[in-house]
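Here are my notes on the model, point by point. Have the structure open while you read.

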Amino acid sequence: MRAQFVLSEIGVGLRRNLTMTFAVVVSVALSLALFGGALLMREQVSTMKDYWYDKVNVSIFLCNKNDAKETPKCAKGAVTKEQKDEIKADLEKMDAVDTVHFETVDEAYKHYQEQFGDSPMAGNITPDQMQESFRVKLDDPQKYKVVATAFAGRDGVQSVQDQRSILDQLFELMNGMNLVAVYVMILMLVIALILIVNTVRVSAFSRRRETGIMRLVGASGFYIQAPFIMEAAVAGLIGGLLACAMLLGGRYFLIDAGLALQDKLLVINFIGWDAVLTKLPLVLVIGLLMPAVAALFALRKYLKV
């Protein structure tokens, strides 16, 4: 009987404040969708870092005859065979180095043509303008400075470049976008909490006669508060379900269908469905508990029991 009464009161409360309940549902849904999106964006950046950092190389570019005139570091002339052998031997001795590959001028020219063959400038580049280089794969990409410090100033070395620095710019941009999403999420959560408190306040005010009678007949505080708390929890749960639907729809339309980014951006290792599905229970729990807790604190002030 008591459970039936509480459920009937929940229905009455939701119907009486239909507009505000709708606003609560929408704000909770948007804030939780942003929350889940921020978690997925963080996981996407982490996945991309693990994927690409494992593939980047440290490139040690060697001086050629053209660099001797244009680059101060190559003032002593093009790299000699003895210098190349010494650099390779020193690289292979380093604990941080996994593999070492020597790229000849012809190989460098071939790779350049494969990547930039359609560029108008490609026809003006000749093989003798390319540089020999050592492509060094590290056990840990974070140890780039060890190689840079050891070889940057050596005779025959024009420059030492870490491909990771290029990727870091992309990751910084994605982290910045993620940070903006977090700020918007926090703003939406604050709005949702304000709406929840106001909805509970209005509901409690509209039913002050009923609650007064319940106090007079000896109803417990929890029994009086339960319908209001459950109303907020139901609205939050509906918002959480909508947020889950938005996350699933976003993953499907952005990556699998619609824009089909995974077919257009083959260089990006996108997160899978498992990453999305594991976030949904957390979104639902927050959607259920956040309004209920907010309502509980609001009732202490607006419903004296």
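1. Of the contacts in the protein chain between residues at least 6 apart in sequence, what percentage join residues at least 24 apart? The figure is 82%, where contact means heavy atoms within 4.5 Å.

2. Before going on, some ground rules. This is a predicted model, in which local features need pLDDT of at least 70 and side-chain atom pairs count only at pLDDT 80 or more, while totals for chains, interfaces and linings use all residues. Residues are numbered from 1 along each chain as its sequence is written, and side-chain values use heavy atoms, with hydrogens and water left out.

3. The overall picture: the protein chain has 11 helices and 4 strands. These are DSSP runs numbered from the N terminus (helices H or I, at least four residues; strands E, at least two). Of its 305 residues, 39% count as buried, meaning under 20% relative accessible area, with exposed meaning over 50% and partly exposed in between (1.4 Å probe, protein chains only). The protein chain exposes about 17600 Å², and carbon and sulfur atoms supply 63% of that area (Shrake-Rupley method, 1.4 Å probe; for residues, only the protein chains shown count as cover).

4. Now the largest nonpolar core, which has 31 residues. A nonpolar core here is a set of buried Ala, Val, Leu, Ile, Met, Phe, Trp, Tyr and Cys residues joined through side-chain atoms within 4.5 Å. Val28, Leu40, Ile196, Val200, Leu247 and Val283 have the most contacts inside it. Helices α2 (18-53), α7 (164-206), α9 (221-256) and α11 (273-302) each supply at least two residues of this core, and α11 gives the most, with 10 residues.

5. In soluble globular proteins, nonpolar side chains tend to be buried together.

6. On to β1 (58-62). 5 of the 5 residues of β1 are buried, so the strand is largely enclosed by the rest of the structure. Val58, Ile60 and Leu62 point one way, and Ser59 and Phe61 the other. β1 pairs with β3 in the antiparallel sense over 4 bridges, and 5 bridges join β1 to β4, also antiparallel; two strands pair if DSSP finds at least two bridges between them. Ile60 stands opposite Phe134 in β3 and opposite Val160 in β4.

7. Helix α4 is worth a look. The 13 residues of α4 (residues 81-93) should span 18 Å at 1.5 Å a residue, and the end C-alpha atoms are 19 Å apart, which agrees (expected span: 1.5 Å times one less than the number of residues). Its buried residues are Lys84, Ile87 and Leu91. They cover an arc of only 65° around the axis, which puts them on the same side of α4; the arc is that of the directions from the helix axis to the C-beta atoms. The face turned away carries exposed Lys81, Glu82, Glu92 and Lys93.

8. Which residues are buried in α6? Tyr144, Val147, Ala148 and Phe151 are, and they fall within an arc of 100° seen down the axis, so they line one face of α6. Lys145 and Thr149 are exposed on the other side. The buried residues of α6 pack against β1, α4, β3 and β4.
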